[in-house]
Amino acid sequence: MTGFLEETPVSWRIDAERSEYHFESEGIGSLRILAEPQEVPSGIGSVRLMVMVADGTTSLLELRLEDEDGNPALGLSSEAGGQAMLDIDHDNDGSLHFTGVIEAGLMAYPSYHAGFMR
């Protein structure tokens, strides 16, 4: 996954072993993705996101950037929200392919959460 955090280029590698998807039927399902940092600013670690799919439309439910120790650092802003515009293709062999764009407003987690949420 590549993109920008503010104006800084960033990239993460999707961890297929720790990510999952479930489709109840064609066009209805969910994706939970964990990606490990490749090129990120100091202090930023993994990214976790959850996307719901209904009738071919994708909705971003969760987006969380963790610090280097795995604590929540930035999360989806309830005010700004986010959107996921993804093309998703899942094969009978169990593989999943997706491309698209995720845009989100992020906010810092309150400092008292550090160390308590994982």
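Reply: Happy to! This is a predicted model, and its largest pocket holds about 620 Å³ of space.

Me: Which residues are the closest to the centre of the largest pocket?
Reply: The lining of this pocket counts 23 residues. Those closest to the centre are Thr-2, Gly-3, Phe-4, Trp-12 and Ile-102.

Me: Which element gives the most to the lining of the largest pocket?
Reply: Two or more lining residues come from each of strand E1 (2–5), E2, E5, E6 and strand E9 (96–104). With seven residues, the one that gives the most is E9.

Me: How many residues of the lining are nonpolar, by class?
Reply: The lining includes two charged and four polar residues. The nonpolar residues in it number 17.

Me: Which element gives the most to the largest nonpolar core?
Reply: That core has 17 residues, and Trp-12, Val-51 and Leu-65 have the most contacts inside it. Strand E2 (8–14), strand E4 (28–39), strand E5 (44–54), strand E6 (57–67) and strand E8 (82–90) each supply two or more residues. The one that gives the most, with five residues, is E5.

Me: What is Leu-65 in contact with, leaving aside its neighbours within four places in sequence?
Reply: Leu-65 is among the residues with the most contacts inside the core. Beyond its sequence neighbours within four places, its partners are Leu-5, Trp-12, Ile-44, Ser-46, Val-47, Asn-71, Pro-72, Ala-73, Leu-74 and Leu-106.

Me: Is Thr-58 buried or exposed?
Reply: Thr-58 has its place in strand E6. Its relative accessible area is 13%, and the cut-off for buried is under 20%. Thr-58 therefore counts as buried.

Me: Which backbone oxygen lies 2.3 Å from a polar atom of the side chain of Thr-58?
Reply: Not counting residues up to four places away in sequence, Thr-58 touches Val-51, Met-52, Val-53, Ala-84, Met-85, Leu-86 and Ile-88. With Leu-86, the side chain of Thr-58 reaches the backbone nitrogen at 3.5 Å. The backbone oxygen at 2.3 Å belongs to Ala-84.

Me: Where is Ser-19 found, and which backbone nitrogen lies 2.9 Å from its side chain?
Reply: Ser-19 sits in the loop between E2 and strand E3 (20–25), and it is buried at 18% relative accessible area. A polar atom of its side chain lies 2.8 Å from the backbone oxygen of Asp-15. The nitrogen at 2.9 Å is that of Leu-34.

Me: What separates the C-alpha atoms of Pro-41 and Pro-9?
Reply: Pro-41 lies in the loop between E4 and E5 and is partly exposed, with a relative accessible area of 27%. Leaving out neighbours within four places in sequence, it is in contact with Leu-5, Thr-8 and Val-10. Pro-9 is 32 residues away along the chain, and the C-alpha separation is 8.7 Å.

Me: How far apart in space are Leu-106 and Ala-73, C-alpha to C-alpha?
Reply: Leu-106 belongs to strand E10 (residues 106–108) and counts as partly exposed, at 30% relative accessibility. Neighbours within four places aside, it is in contact with Leu-5, Leu-63, Leu-65, Leu-74, Gly-75, Leu-76 and Ser-77. Leu-106 and Ala-73 are 33 residues apart in sequence, and their distance in space is 9.7 Å.

Technical notes: Residues numbered from 1 in each chain as written. Predicted model: local features only at pLDDT ≥ 70, side-chain atom pairs only at ≥ 80, totals over all residues. Heavy atoms only, no water. Core = buried A, V, L, I, M, F, W, Y, C linked by side-chain atoms within 4.5 Å. Buried < 20%, exposed > 50% of the residue type's maximum accessible area, 1.4 Å probe, protein only. Helix = DSSP H or I, 4+ residues; strand = E, 2+ residues; numbered from the N terminus. Contact = heavy atoms within 4.5 Å. Polar contact = N/O pair within 3.5 Å; in protein donor to acceptor, adjacent residues only side chain to side chain. 1 Å grid on protein atoms, 1.4 Å probe; cavity = no way out; pocket = protein on both sides within 12 Å on 5 of 7 lines; lining within 4 Å. Points joined across faces, edges and corners; volume = space filled by probe spheres on them. Nonpolar A, V, L, I, M, F, W, Y, C, P; charged D, E, K, R; others polar.
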